[in-house]
Amino acid sequence: MMYNTEQLSLQSAKPPHGFLQRLLTKGQVFPFTKANDTIALSLARETLPSKIKETEGSEKPSFWTEESLDSESLSGWSQLYFLMVGLAKILLILFLPLFYLLIAYALLFGQGEWIEKWEDWSIIAYGLTLYFTLPCLLIWGHYKLVCKGYYFLAPFLKSKPVYSLNRQTGMVTLYKRGNKVRFTHPFIEFDCVLMSAPSPQGHLNYNLMLVHRYQPYSVGVPISNLIGTNERVVEYQRLWNMIQRYMDVSQPMPDLLVLEEARAKDPVTAAHDQQTGRDPRYWRDMSDDTYKKTLAEIAEQQKTSPATGPKINIFADS
């Protein structure tokens, strides 16, 4: 059931739910709108043209295409691996050079005969090299090879799906443990709710979720993971506007760098671009500096423009 704001299937009113569902929806509900061109710049800034050029033509699909937006997270093994990589980098850059300098200092300026000192400190240097330096070099070297595209060296680096928003079918899917589907429903059946909670530092953290209107699920679809939890409220409104624009098959997809390669593959978007004469490589052919400057100009423009389009009624009894 595709989401089309020109041919809406009007929905019934929200039924009463239990305590958990009421708690989940206790926040600011963003209405459905006819989405405008506004984009969430915090998301746009995360990808640079130079990065896109590195992956152009790659067999590995983007997380966001003309078909779907697929959010994934790292598996437990992946998290452990990147923790080890981080620790290895810190040891190689900071601590191990310091330890070797201390050993060299002790050999050169320490008390006693040089041969005796060498016998004592060589044992320490050998242990340090064997049990710390070499493993750290192996971990860091492995990481650099994986970064260069040798993914077969790390079969354990598997991501797990979190949710999927499918433009072509209009369906929203949330996954659970074991890559199994927790639920899947039409996009129009979800309310977009912004929840807030104070952090230990005293400022508000936000969570933007799609909450199913008719089923008493205890969880929602966490679309705020696209931009984080520390943005201003208006940025979450822009994100919701952008999500609606993407799911609405009567409109072209949001004009984002990450989606630019997919624009020609979506019929509505391709027709719009041909009609307006949009350069198919507008974003990708920019330098990183020009891209950042263009986003800064858009940020200034969006200060005086509405974060979302005009509200639309999706209910039959309103």
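**Legends to close-up views**

View 1. Glu235 counts as buried, because its relative accessibility is 6%; buried denotes under 20% relative accessible area, exposed over 50%, and partly exposed the range in between, with a 1.4 Å probe and protein chains only. The model is predicted: local features need pLDDT of at least 70, side-chain atom pairs count only at pLDDT 80 or more, and totals for chains, interfaces and linings use all residues. Residues are numbered from 1 along each chain as its sequence is written, and side-chain values use heavy atoms, with hydrogens and water left out. Glu235 is a residue of helix 6; helices (H or I, at least four residues) and strands (E, at least two) are DSSP runs numbered from the N terminus. When neighbours within four places in sequence are set aside, Glu235 is in contact with Ala40, Leu41, Ser42 and Ile227, where contact means heavy atoms within 4.5 Å.

**View 2. The largest nonpolar core.** This core has 50 residues, of which Leu210 and Ile243 touch the most other members. At least two core residues each are supplied by helix 2 (41-44), strand 3 (159-166), strand 4 (171-176), strand 6 (190-198), strand 7 (204-212), helix 6 (233-247), helix 7 (257-260) and helix 9 (288-302). Helix 6 gives the largest share, 7 residues. A nonpolar core is a set of buried Ala, Val, Leu, Ile, Met, Phe, Trp, Tyr and Cys residues joined through side-chain atoms within 4.5 Å. In soluble globular proteins, nonpolar side chains tend to be buried together.

View 3. Residues up to four places away in sequence not being counted, Ile243 touches Leu69, Leu165, Phe187, Ile223 and Leu226.

**View 4. The loop between strand 6 and strand 7.** Gln201 lies in this loop, and His203 also has its place there. Gln201 counts as exposed because its relative accessibility is 64%, whereas His203, at 39%, counts as partly exposed. Beyond its neighbours within four places in sequence, His203 is in contact with Ala197, Pro198 and Asn230. Gln201 and Trp77 are 124 residues apart along the chain, and their C-alpha atoms are separated by 31 Å.

**View 5. Asn179 between strand 4 and strand 5.** Asn179 has its place in the loop between strand 4 and strand 5 (180-186). The phi of Asn179 is near 60 degrees, a positive value in a residue other than glycine. At 46% relative accessibility, Asn179 counts as partly exposed.

**View 6. The protein chain as the setting of the close-ups.** The secondary structure of the chain consists of 9 helices and 7 strands. Its C-alpha trace spans about 95 × 50 × 40 Å along the principal axes. Of the 318 residues in the chain, 39% are buried. Among contacts between residues at least 6 apart in sequence, 68% join residues at least 24 apart.
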